[in-house]
Amino acid sequence: MDVKIAFQPSMRTESMPASAGKYAIEARNLTVYYHDRPAVRDINLAIERQRITAIIGPSGCGKSTLLRAFNRMNDLIPCARVEGEVLFEGINIYDPAVDPVLVRRRIGMVFQRPNPFPKSIYENVAWGARINGYRGNMDELVERALRQAALWDEVKDKLHQSALSLSGGQQQRLCIARAIAIKPEIILMDEPASALDPIATLKIEELMIDLAEQYTIIIVTHNMQQAARVSHYTAFLMVDENRVGYLVEYGPTAQIFTNPRDKRTEDYITGRFG
Amino acid sequence: MAHLSSSPTFAKQDFAEELSRRHRTARTMAVIFQASTIVGIIVLLTLMYNIINSSFGLVAWQYRVPPETLAAGAPLEELPREELLRILEERVSANVLRRLDREKPLTARSEQELYALVMERVVQPKIVKTWSLVDSIFRRQEIIQEVARDYPDAYLRFRSWLNARFLTSPQSSRPELAGVRTAILGSLWTVLITIIFAFPLGVGAAIYLEEYASDNWLNRIIQTNINNLAGVPSIIYGMLGLAIFVRAMEPITSGIWFGAAEPATANGRTVLSAGLTLGLLVLPLIIINAQEAIRAVPNSLRQASYGLGATKWQTIWYHVLPNALPGILTGTILSISRAIGETAPLVVVGASTFITIDPSGPFSKFTTLPIQIYQWTSRPQDEFRNLAAAASIVLMILLLSLNASAVLLRQRARRRIRG
């Protein structure tokens, strides 16, 4: 199996969905350890294409850890270790032959706190494309990404000002524009609105729904209303008595919120704990 | 507040007493901190007073041969070339004249050059006594009387020891001719080599330790050692430099390998050896400061970069280093300031105490400003103290201007980041 070739980044177009496999990405028996202590264990989760999947659960249940396992961001933490598989386009991204840089190139990420680079707005969007070898019209790419992130009208006259001069909500949308500028297949969002006010949050949510037409989105959120509002599928995680996270229930959001199969899910979404 | 004072543990009376005691402590601490600042300022002012007091003041000049006797009353400056040449032939020994003629034929020299030669070789104005600035101002009358009594044919002038001639003249055994050009150039050459050697090496080591090295016992030992090296006395570095650069690496540091020096006369006591020694000295400082700056770059930036599919090196080059640059430069400025003022290791490495030839490259013999100052202060004649004081001012101005330019550089780097 020539893994390297399978992971060559393709500049995908909307009409041509990415190759092989029914699911966008799939975790199989995934366990993530920190210092040989599991943070989440035995996760089996198949993410649907071009849908928004929300991961919810109480604090410390390993939602973010699971999310970061999907694009190998946990590799950056020296003490983290992963067991099990994450299948992306039929290939286990934890296979030793797979380069994590290519994984992250195809599976983008938006973080909890807006973290634009201390450069101009234009540079923020263009940089990722440039280092990934984009040779096309950069102005066009920047405009398209900013339009997709619903930020273009607000920043088109100040593209060369510092990104840090934007408001928190604008910065977060800039981070989304930055992520989609390199045309990933999947966008991971780690509580993208938790540092924002309600209006900025609403804008981000609307944006996510728009983006789901082209991208597969996985979002971690503390906010159950948010999960109910934006997501098509919801995964509910819990912690056991050893503080290890595990998957309780996964299904269409409507079903999870109206007719949960598991008592624990019901208790959580009705606010009995968490 | 209401619930605090009404609760049993925060009785109103106690709270008021406690509060005034807390305010008293705060005031006492403020006074102590202020006092330490004032002590520092006083020390600095004393230093400045000392240096400036010795750098300017009255001096008593005496001619070995009064100029009036040479030209029968006419002013020396206005004499024609032939007259000046005649004076030189009469008064200067044939040997010296031959030597001067070899350097540049006397007949080819201009009027000014000949005049300077007459002043230097024949008239030989000589400072016989100097006074400090404060004395010159407040005891002027006494000084005039003293000169009239002790040196009847001397005349009194106000002299700034720090003058253009001082800056542009090489070292000399006669204080009225001595200058610091050789020392300034020596200092600049040495520091240049120090920067070229220590900056890339130090920043590279800092990047490795912060971004690449894993947290294991070997790297912890390396880190501890670097921290300790920053505290090693500089004379130890001098001995290290002597052993390694001057002796063991002599073919390289003397320039013989590069064909830049005569194998028969060259040795390792060169600008290169000195710069490398000072480089070793400041290397731990640069590493520690650069590490600090790299550590201060928020992790969220690295994550953002990796999240876009950047490699480790792209992350470091495009995000970590530009953001750490102001901090790295600050650390480097401090280190270079230390290198410029360093004396002890250079004495060991073999700075020349008396040298009149400008350093022209890494393989030149050299002296530096602190060495020059040290050497002048250890001379018995008063005049050299004045020279040392003037050289101290030059050294401080050199330091300040290097620091200022580095601060400007840092501000520019910072502005570029903030956008």
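Biologist: In which helix is A:Q255 found?

Modeller: Helices here are DSSP runs of H or I with at least four residues, strands are runs of E with at least two, and both are numbered from the N terminus. In this predicted model, A:Q255 is found in helix α10 of chain A, residues 253-258. Local features need pLDDT of at least 70 and side-chain atom pairs count only at pLDDT 80 or more, whereas totals for chains, interfaces and linings use all residues. Residues are numbered from 1 along each chain as its sequence is written, chains are lettered from A in the order in which they are written, and side-chain values use heavy atoms, without hydrogens and water.

Biologist: Is A:Q255 buried or exposed, and which residues is A:Q255 in contact with, leaving aside neighbours within four places in sequence?

Modeller: Buried means under 20% relative accessible area, exposed over 50%, and partly exposed in between, with a 1.4 Å probe and protein chains only. A:Q255 has 15% relative accessibility and therefore counts as buried. Contact means heavy atoms within 4.5 Å; once neighbours within four places in sequence are left aside, A:Q255 is in contact with A:E249, A:P260 and A:R261.

Biologist: How many residues of chain B are in contact with chain A, and what is the area buried between the two chains?

Modeller: Buried area is the accessible area (1.4 Å probe) that two parts lose on being put together, summed over both. Here 18 residues of chain B are in contact with 23 residues of chain A, and the area buried between the chains is about 1,700 Å², with carbon and sulfur atoms giving 65% of that area. B:Q303, B:Y306 and B:L308 supply 34% of the area that chain B buries against chain A, more than any other three residues.

Biologist: How should I read an aromatic pair, and what is the geometry of the one that B:F166 and B:W376 form?

Modeller: Rings of Phe, Tyr and Trp (its six-membered ring) pair if their centres lie within 6.5 Å; planes under 30 degrees apart count as stacked, over 60 as edge-to-face and the rest as tilted. The structure holds eight aromatic pairs over all chains. B:Y63 and B:Y155 form a tilted pair, 5.4 Å centre to centre with 45 degrees between the planes. Because B:Y63 lies in strand β1 and B:Y155 in strand β3 of chain B, this pair ties together parts that are 92 residues apart in sequence. B:F166 and B:W376 also form a tilted pair, at 6.1 Å centre to centre and 35 degrees between the planes, and both residues are buried.
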